[in-house]
Amino acid sequence: MISRKQLLEHAKTQQATDIHICAGAPVLFRVGGKLVPITKEKLTAEQSRDISLELLTEDQQAEFKKNLDYDLMLADEIGRYRINVGYFNGAVGSTIRILPTRPRTLQELSLPDIVKDLAGRTKGLVLITGSTSQGKTTTMSAMIDEINSTCEKHVITIEDPIEYVHINKVGVVRQREVGKDTQSFYTGLRAALRQDPDVIAIGEMRDYETIKIALAAAETGVMVLSTLHVISIDKIIERLLSYAPATDEGQLRFLLAESLQGMIHQELIPTVKGEQRVACEVLVVTSAAKNIIRRKGGFFLRSVIETGRKHGMITMVESVNALLDAGTISEGVAKSVLSNYT
């Protein structure tokens, strides 16, 4: 049976982002966005169980058997990993996310210049949106690295878990992990307001209380970065309002209109070289956008983006077509992505 060390080392050499251990399937690596089998034989339930439980200590195994799921971070001499072990139709399996050893830069991600401009804002809220596994945390980490590299600022992060470890550069970055350093995003955010922050980065806004405090902090002079699961920018208002009681809709719209600086909505798309690149659309909040947020549905934000090039705004169509024109992605991939935006 393949050992944990062999498995992780092989994944690193193959530039895999994830490892899937599943009974009834070969060991699978996600490479360039696609699942690739790396063993000829399918794993038995016993093999899947043994490989998965080897990732846990005895105490962690006991906790897993009690709760049926277990999440952990693992660090060794070759890297850092985010691991979930769970039961799947009665069999134990696991998923391992391979984390980069350092934050990537905005330049390495080939993000547009407006993202650097948004990272340089001194107050307000900037949201990085997208569906699951579209690189939102990677982009937020790159923005933190840009601030840390260029500004004498105090950055506090609240994360679950910490995926990228920041080293203090021009600024100071203090990272807090939910469950280890603070009880929740809400308690960590409340405490951060008393810790003299210039920037607060919230791994994800998951509940109404966290959203309210984040918006209030952004309105009172702190720069707030966060991610949010949204399928497109024009769904942002509805998504945020879905967390709030109906009686608070007006207040939430007002806070959002006053504090929101911009949104970066992104998708990771496969390149012709088998890698992945970010395509993104960017909204910069202008007076027109503020009026829409206060009074209308998010659908009208699309017209703001489409006419906002002078403010640095970019549509997903423009972003994807630029990658197509550069030969970075295929025409088929471009059509597939843009089918959701036209």
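A: Let's start with Pro161, which is found in the loop between S8 and S9. Helices and strands here are DSSP runs (helices: H or I, at least four residues; strands: E, at least two), numbered from the N terminus. A quick word on ground rules: this is a predicted model, where local features need pLDDT of at least 70 and side-chain atom pairs count only at pLDDT 80 or more, while totals for chains, interfaces and linings use all residues. Residues are numbered from 1 along each chain as its sequence is written, and side-chain values use heavy atoms, with hydrogens and water left out.

Now back to that loop. The peptide bond leading from Asp160 into Pro161 is cis, with omega near -5°. Most residues other than glycine have a negative phi, and most peptide bonds are trans.

What does S8 pair with? Strands of a sheet pair through backbone hydrogen bonds, either parallel or antiparallel. Two strands count as paired if DSSP finds at least two bridges between them. S8 is joined to strand S9 (residues 172-177) by 6 bridges, and the two run parallel. Ile158 has Arg176 as its bridge partner in S9. S8 also pairs with strand S10 (residues 199-202), again in the parallel sense, over 4 bridges. There, Ile156 stands opposite Ile200.

Moving on, there's an open sheet of 6 strands in the order S3-S2-S1-S6-S5-S4, with antiparallel pairing. At its edges stand strand S3 (34-37) and strand S4 (69-76); each has a single partner strand, so one side of each is left without a neighbour in the sheet. Neighbouring strands are turned by 20° against each other on average, direction ignored. For that angle and the ones below, axes are lines fitted to C-alpha atoms (for helices, over the stretch in contact), and angles run from 0 to 180 degrees between N-to-C directions. Inside the sheet, strand S1 (residues 18-21) and strand S2 (residues 28-31) run antiparallel and are joined by 3 bridges. Asp18 has Arg30 as its bridge partner in S2.

Helix H2 (residues 45-53) lies across S1, S5 and strand S6 (91-99), running at about 45° to S6. H3 packs on the sheet too, touching S4, S5 and S6 (contact means heavy atoms within 4.5 Å), and its direction makes about 155° with that of S4.

Next, the rings. The structure holds 2 aromatic pairs. Rings of Phe, Tyr and Trp (its six-membered ring) pair if their centres lie within 6.5 Å; planes under 30 degrees apart are stacked, over 60 edge-to-face, and the rest tilted. Phe64 and Tyr87 have ring centres 5.0 Å apart and planes at 10°, so this pair is stacked. Phe64 lies in helix H3 (residues 58-67) and Tyr87 in strand S5 (residues 79-88), so the pair ties together parts that are 23 residues apart in sequence. Phe64 is buried at 1% relative accessible area, whereas Tyr87 is partly exposed at 36%. Phe299 and Phe300 make an edge-to-face pair, 5.9 Å centre to centre with 75° between the planes. Phe299 is exposed at 62%, and Phe300 is partly exposed at 39%. Lys296 lies over the face of Phe300, at 4.9 Å from the ring centre (the rule: NZ of Lys or CZ of Arg within 6 Å of the centre and within 35 degrees of the ring normal).

Last, two serines in loops. Ser110, between S6 and helix H4 (113-119), has a positive phi near 55° without being a glycine, and is partly exposed at 39%. Ser133 also has a positive phi, about 60°; this residue sits in the loop between strand S7 (124-130) and helix H5 (136-150) and is partly exposed at 46%.

Key: Buried < 20%, exposed > 50% of the residue type's maximum accessible area, 1.4 Å probe, protein only.
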